[in-house]
Amino acid sequence: MCENFTKTKTKLPISQYICITLTNRPCSLYYVCFVTLLTVMQAGFAFLEAGAVRSRNTVNILIKNALDSFFGGVSYWLVGYALAFGKGNPFIGASYFAHSGLPATMYAHWFFQFVFAATAATIVSGAVAERCDFTAYIIYSSVVTGFIYPVVTHWAWSEEGWLVNGRTYQFDGELVDIGYNDFAGSGVVHMVGGIATFVGALALGPRIGRFDKGDGSPVEIRGHSIPFASLGGFILVFGFFAFNGSSQGSISGEGDGATVALAVTNTVLAASGGAFTTLVLNKTKYFGDSKWSFLTTLNGCLTGMVAVCAGCNQFKSYFGFITGVLGGIAYMVTTWLVLKLKVDDPLDATAVHFGGGVVGVLTVPLFSYDYGVFYNWDVKSGYYLAWQVAGLAAIFSWAAVLSLVLFFSLKKLNIFRVPYEYEVKDLSGV
Amino acid sequence: MCENFTKTKTKLPISQYICITLTNRPCSLYYVCFVTLLTVMQAGFAFLEAGAVRSRNTVNILIKNALDSFFGGVSYWLVGYALAFGKGNPFIGASYFAHSGLPATMYAHWFFQFVFAATAATIVSGAVAERCDFTAYIIYSSVVTGFIYPVVTHWAWSEEGWLVNGRTYQFDGELVDIGYNDFAGSGVVHMVGGIATFVGALALGPRIGRFDKGDGSPVEIRGHSIPFASLGGFILVFGFFAFNGSSQGSISGEGDGATVALAVTNTVLAASGGAFTTLVLNKTKYFGDSKWSFLTTLNGCLTGMVAVCAGCNQFKSYFGFITGVLGGIAYMVTTWLVLKLKVDDPLDATAVHFGGGVVGVLTVPLFSYDYGVFYNWDVKSGYYLAWQVAGLAAIFSWAAVLSLVLFFSLKKLNIFRVPYEYEVKDLSGV
Amino acid sequence: MCENFTKTKTKLPISQYICITLTNRPCSLYYVCFVTLLTVMQAGFAFLEAGAVRSRNTVNILIKNALDSFFGGVSYWLVGYALAFGKGNPFIGASYFAHSGLPATMYAHWFFQFVFAATAATIVSGAVAERCDFTAYIIYSSVVTGFIYPVVTHWAWSEEGWLVNGRTYQFDGELVDIGYNDFAGSGVVHMVGGIATFVGALALGPRIGRFDKGDGSPVEIRGHSIPFASLGGFILVFGFFAFNGSSQGSISGEGDGATVALAVTNTVLAASGGAFTTLVLNKTKYFGDSKWSFLTTLNGCLTGMVAVCAGCNQFKSYFGFITGVLGGIAYMVTTWLVLKLKVDDPLDATAVHFGGGVVGVLTVPLFSYDYGVFYNWDVKSGYYLAWQVAGLAAIFSWAAVLSLVLFFSLKKLNIFRVPYEYEVKDLSGV
């Protein structure tokens with residue numbers, strides 16, 4: 001925990017940087033950034049989704065997006081934070097339920113972590129659009145915010161976590177701590193959100209008419225308002241910038257300013273790389289529909305930003321751009337795959353967050369200027385890569401199993417999907 | 001005034017914290033936060049109202065909301081600030097008109113206070129929507145920004161104010177200064193705005209067709225765009241966060257970081273409490289229309305945030321949540337009451353700002369962890385409660401009387417309401 | 001360059017203030033402000049334009065605006081920054097291409113300057129709306145971001161620049177450095193953008209039907225959504241505030257806090273002055289259409305803010321207001337002139353940015369409290385005025401000649417304008 005924080009590691013996960021900073025120098029403007037993040041991400045998802053669904057479901061999607069952060073707030077207050085950052089064992093925490101016993105200096109940390117948790121949960125909302133029941137929506141978003149996501153943060157971002165601590169290895173007489181590295185959450189936030197998204201969409205089944213009854217070929221269901229969707233997209237782009245920027249903005253030591261600037265620069269270049277790649281790929285007739293597509297390009301841009309989250313503080317500019325390009329490719333591939341599997345993910349959130357997240361987790365040990373395989377090509381860099389793959393596998397397994405249990409339980413209980421008559425009319429009554 | 005500020009009190013009102021901070025440590029990023037606030041609150045109200053009125057009046061409401069902050073800026077520059085923070089007596093200030101003689105170190109304070117003043121004025125705009133004349137709109141918003149609101153801030157937030165200074169009492173040999181406490185303006189900003197709102201709507205009369213000609217029962221006039229209204233709502237939620245966050249963000253002393261974090265946490269929990277309460281109450285058939293209502297829930301959330309403004313720096317988490325719940329209840333009750341009185345307040349601004357403001361002023365002396373009745377139940381806490389009630393009564397009386405004079409004068413002069421033919425067609429010509 | 005920065009001048013241009021601050025005290029929150037600026041300006045222009053064009057071209061204008069900052073980012077990374085701030089001669093820089101050899105402490109400076117460059121390029125987008133080809137759009141915005149704009153910043157904002165360094169004069173035995181002053185870019189950013197805007201619109205020719213075939217009189221083409229336009233407007237107003245605020249927010253020396261506050265206050269008053277002037281002028285039958293026009297007032301407000309960019313740190317409040325009034329007048333005159341010249345600038349971007357920019361450049365030496373003609377009326381103040389006029393002429397000539405070459409080349413190559421059949425249907429295929 002913060003107040004006992006003593007270890008010094010080369011690459012701290014974000015939560016521990018924040019700890020140090022907030023307790024040592026309470027520069028309260030960070031809070032403003034955090035609340036910006038919170039409301040910005042919520043509003044961004046809300047409008048992206050409102051524009052991408054059919055007109056009749058606009059209000060329904062808006063109310064869901066507006067509410068999940070509030071229910072999530074209560075859930076994270078009562079349970080989630082305790083599991084994530086309470087004192088416990090390397091696997092799970094178990095104190096500070098409902099803020100009980102929480103030291104005054106830790107409220108800042110709670111708030112910051114809540115913003116991340118709410119984002120992880122709200123990623124799912126797009127995948128279940130236009131057919132998910134209101135009560136089921138509240139239940140699953142509370143579970144994601146209060147249980148599934150917090151445990152992963154305990155592993156990767158808490159002081160006790162088994163992933164962040166890794167193991168100590170000896171190389172030429174030098175002792176090196178090697179573990180899982182994920183600065184701004186490509187794996188912790190976006191992979192978890194992306195997996196829950198896919199499983200949610202899988203369990204819920206496609207919207208009526210999304211796949212042809214005869215040959216099963218996909219039938220496009222067009223959103224009703226590109227302007228609203230693009231408003232949401234602009235807001236999300238801003239939100240991602242702010243995530244990477246403000247997160248790392250917390251480092252106030254003298255030597256760290258340059259790192260921060262590099263990170264933000266990488267975020268711009270990764271966004272450019274992702275947007276450029278999807279724009280061009282979609283224009284070719286092999287990968288897309290030969291058009292300049294706004295929503296595809298926007299998603300490519302977002303995927304590039306997701307991909308660079310994990311390593312934006314450790315990459316040279318050119319690798320920032322390349323990570324964005326890889327994110328753009330991952331987006332195109334994942335979208336194609338999801339559609340092949342006949343899963344209906346109206347916002348392509350799986351491709352953005354899972355596709356981008358995986359790229360993010362894997363590029364860190366490859367491109368890191370400090371210890372990356374690309375620069376070093378030695379056993380040590382291999383261990384970094386191995387730990388990163390282990391983290392990927394662990395997060396994937398946890399999120400996948402828990403999501404399967406959660407969403408298929410909701411399905412079995414018959415409360416997940418709205419009745420047929422509401423889906424074909426509108427969801428305002430449920 | 002700032003430069004002579006020497007007193008040290010346990011609970012300073014917001015303006016004095018700001019004073020100390022800005023003069024001692026000119027961390028200029030606060031200005032960015034302030035301008036965010038200014039434009040965010042204006043845009044939030046503009047879109048909330050644009051969505052909630054009929055399509056034909058959209059442009060009219062947008063231009064009014066865009067302009068009032070500019071006219072208010074001139075009015076606060078020339079007169080308002082002088083009355084609020086000029087040197088004078090405990091009741092009113094009288095120097096610094098048009099910035100004349102204003103020390104260079106006070107410009108920051110002017111700007112910050114202007115943002116609050118503009119917000120107080122713009123609260124009214126929703127209540128007079130779809131029928132208020134353009135010139136009358138400019139007049140009343142200049143008067144609120146330039147006179148009605150500034151005097152209240154002089155009482156409660158200036159160094160000389162009779163409310164903030166209160167009196168010195170003796171308890172067991174200890175001398176204690178007890179006065180009115182309102183950290184981020186539940187009473188000073190929101191009650192004043194809410195009262196002016198109610199009186200404005202009362203003087204203007206309901207929109208044509210709002211109440212049935214026969215039995216006088218209310219007839220709902222539906223807004224034309226839930227997405228615009230919800231855009232406004234999201235922006236306002238962000239604005240409120242920023243208000244409480246950035247305001248308190250100005251405290252840069254070492255020991256204060258924890259207080260700030262608590263305050264922002266309380267704002268989240270109050271918003272959750274308010275949203276949850278109105279969502280559930282509206283779903284019951286006794287208090288609402290048995291539906292999940294987006295606009296009601298949004299208003300409940302905003303009311304919770306208004307309610308927690310006054311004491312968010314002094315409450316434990318659970319009282320943050322409870323204050324939000326009380327705000328939600330106050331919203332439902334006030335809305336019902338306003339409708340019973342046959343007053344047409346299209347945005348329910350009275351319920352949000354007056355209802356929430358009263359809850360905010362009264363909860364401070366009850367729930368404060370330092371001196372609240374709930375924790376202490378002694379004579380001293382009774383005095384705090386008494387001063388808070390006195391402040392409530394004084395602010396209520398001043399704002400009510402002045403608003404009655406202002407709005408009924410406009411009515412008597414026959415310039416308040418647009419002619420019948422414009423109201424039934426559209427307001428673009430007036 | 002930053003790391004070698006040693007000179008001390010009374011009025012540093014913005015880029016050098018930023019240098020000092022970022023390298024000495026890496027207060028990383030500035031990055032968050034910068035990215036806010038970037039995304040905010042892009043989104044603001046996008047929605048202002050989306051609302052002001054015909055419904056069928058909404059998506060096209062949104063994708064263009066979303067993409068130009070990404071292409072601009074790559075262009076500024078590879079070339080632009082090197083020309084602007086690389087080591088070279090007083091006219092142009094020539095190092096740091098693609099960040100090669102860029103010191104770690106300079107990444108912050110790169111990012112900050114990129115935001116300005118992207119804004120200069122995106123100003124043009126409104127003028128070419130509804131008829132510019134997609135590929136041509138990408139080409140010209142890359143050239144503006146990568147070449148035309150950077151050279152001007154080298155002159156006026158880099159350490160070596162001939163405009164900023166000016167010459168040393170002797171007055172009564174005192175040696176004084178006098179050069180071109182442009183704190184937040186009235187000339188450097190807005191004049192350059194405004195000139196490119198006008199030339200672009202001129203080369204492209206008016207939209208089909210914009211001027212009557214018979215008598216050549218203008219025929220209004222109405223935008224399809226005032227709410228979207230006003231959303232864009234609100235965002236831009238916020239963006240301008242943030243530009244002037246955060247820019248100057250970088251000054252963290254003890255004595256500078258007051259200057260910053262003054263600057264932000266001046267920005268509010270200039271916005272008020274500009275809005276007020278255009279509102280009233282447009283209502284008279286001589287200058288406008290006798291109506292309260294929302295878009296005209298909004299543009300007036302923006303022009304006031306553009307005009308005060310250059311000197312907002314040096315004006316007394318009343319000159320802040322007056323500069324806004326002059327900006328409003330310049331807007332009305334320029335709009336009228338552009339229309340007389342039968343140039344179709346759908347968003348009136350020439351009037352806002354060129355009109356306001358010229359007022360900004362010229363008011364500094366007149367109204368500056370330190371050395372302005374108005375206060376001093378001596379030879380020294382005359383030299384300041386002369387250098388300012390020289391800067392104006394140099395920037396005008398450079399931007400005009402280069403823009404003519406750029407846009408008329410695109411026209412000659414026959415790739416600038418979409419084919420007739422797309423323009424009358426929609427631009428989604430090109």
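Helices here are DSSP runs of H or I of at least four residues, numbered from the N terminus. Keep in mind that this is a predicted model.

Q: In which helix of chain C does T323(C) lie?
A: Helices are counted from the N terminus. The run that covers residues 317-340 of chain C takes in T323(C). That helix is α11.

Q: Is T323(C) buried or exposed?
A: Buried means under 20% relative accessible area. T323(C) has a relative accessible area of 0%, so T323(C) is buried.

Q: Which residues does T323(C) touch, leaving out those up to four places away in sequence?
A: Contact means heavy atoms within 4.5 Å. With residues up to four places away not counted, the partners of T323(C) are A307(C), V308(C), F315(C), V359(C), T363(C) and F367(C).

Q: How far apart are the C-alpha atoms of T323(C) and C312(C)?
A: Along the chain, these two are eleven residues apart.

Q: What is the make-up of chain A in helices and strands?
A: Both kinds of element are DSSP runs. For chain A, the tally is 15 helices and two strands.

Q: What percentage of the residues in chain A is buried?
A: The cut-off for buried is under 20% relative accessible area. Chain A has 430 residues, and the buried part of them comes to 67%.

Q: What share of the contacts in chain A with a separation of 6 or more is between residues 24 or more positions apart?
A: Start from the contacts in chain A with a separation of 6 or more. Of these, the ones joining residues 24 or more positions apart account for 76%.

Q: Is V268(A) buried or exposed, and with what relative accessible area?
A: V268(A) has its place in helix α9 of chain A, residues 257-283. Under 20% counts as buried, so V268(A) is buried, with a relative accessible area of 1%.

Q: Which residues is V268(A) in contact with, leaving aside its neighbours within four places in sequence?
A: M305(A) is 37 residues from V268(A) in sequence and 8.0 Å away in space, C-alpha to C-alpha. For contacts, the test is heavy atoms within 4.5 Å. With neighbours within four places set aside, V268(A) is in contact with F241(A), and also with F111(C) and F114(C).

Q: How are α10(A) and α3(C) oriented to each other?
A: The axes of helix α10 (residues 294-308) of chain A and helix α3 (residues 58-85) of chain C come within 10 Å and cross at roughly 25°. Angles under 35 degrees count as roughly parallel. α10(A) and α3(C) are therefore roughly parallel.

Q: Which residues of α10(A) meet α3(C)?
A: The crossing of these two, α10(A) and α3(C), is left-handed. On the α3(C) side, the residues are V59(C), L62(C), I63(C), A66(C), L67(C) and F70(C). On the α10(A) side, they are F294(A), T297(A) and C301(A).

Q: How do the residues of the contact of α10(A) with α3(C) divide into nonpolar, polar and charged?
A: Cys counts as nonpolar. The contact of α10(A) with α3(C) then divides into eight nonpolar, one polar and no charged.

Q: How is α5(B) oriented relative to α7(B)?
A: Helix α5 (residues 134-157) and helix α7 (residues 186-204), both of chain B, pack at an angle of about 155°, with their axes 10 Å apart. Over 145 degrees counts as roughly antiparallel, so α5(B) relative to α7(B) is roughly antiparallel.

Q: Which residues touch the most other members of the largest nonpolar core?
A: That core has 358 residues. One of its most connected members, Y140(C), touches residues including V124(C), V128(C), F407(C) and L410(C). The residues that touch the most other members are Y140(A), F407(A), Y140(B), F407(B), Y140(C) and F407(C).

Q: What is the phi of H99(A)?
A: Most residues other than glycine have a negative phi. H99(A) has its place in the loop between α3 (58-85) and α4 (107-122) of chain A, and at 6% relative accessibility H99(A) counts as buried. Its phi is positive, near 65°.

Notes:
Residues are numbered from 1 along each chain as its sequence is written. Chains are lettered from A and ligands numbered from 1 in the order in which they are written. This is a predicted model: local features need pLDDT of at least 70, side-chain atom pairs count only at pLDDT 80 or more; totals for chains, interfaces and linings use all residues. Side-chain values use heavy atoms; hydrogens and water are left out. Axes are lines fitted to C-alpha atoms, for helices over the stretch in contact, and angles run from 0 to 180 degrees between N-to-C directions. Angles under 35 degrees count as roughly parallel, over 145 as roughly antiparallel, 65 to 115 as roughly perpendicular and the rest as oblique. A nonpolar core is a set of buried Ala, Val, Leu, Ile, Met, Phe, Trp, Tyr and Cys residues joined through side-chain atoms within 4.5 Å. Buried means under 20% relative accessible area, exposed over 50%, partly exposed in between (1.4 Å probe, protein chains only). A crossing is left-handed if the near helix is turned anticlockwise from the far one by less than a right angle, and right-handed if clockwise.
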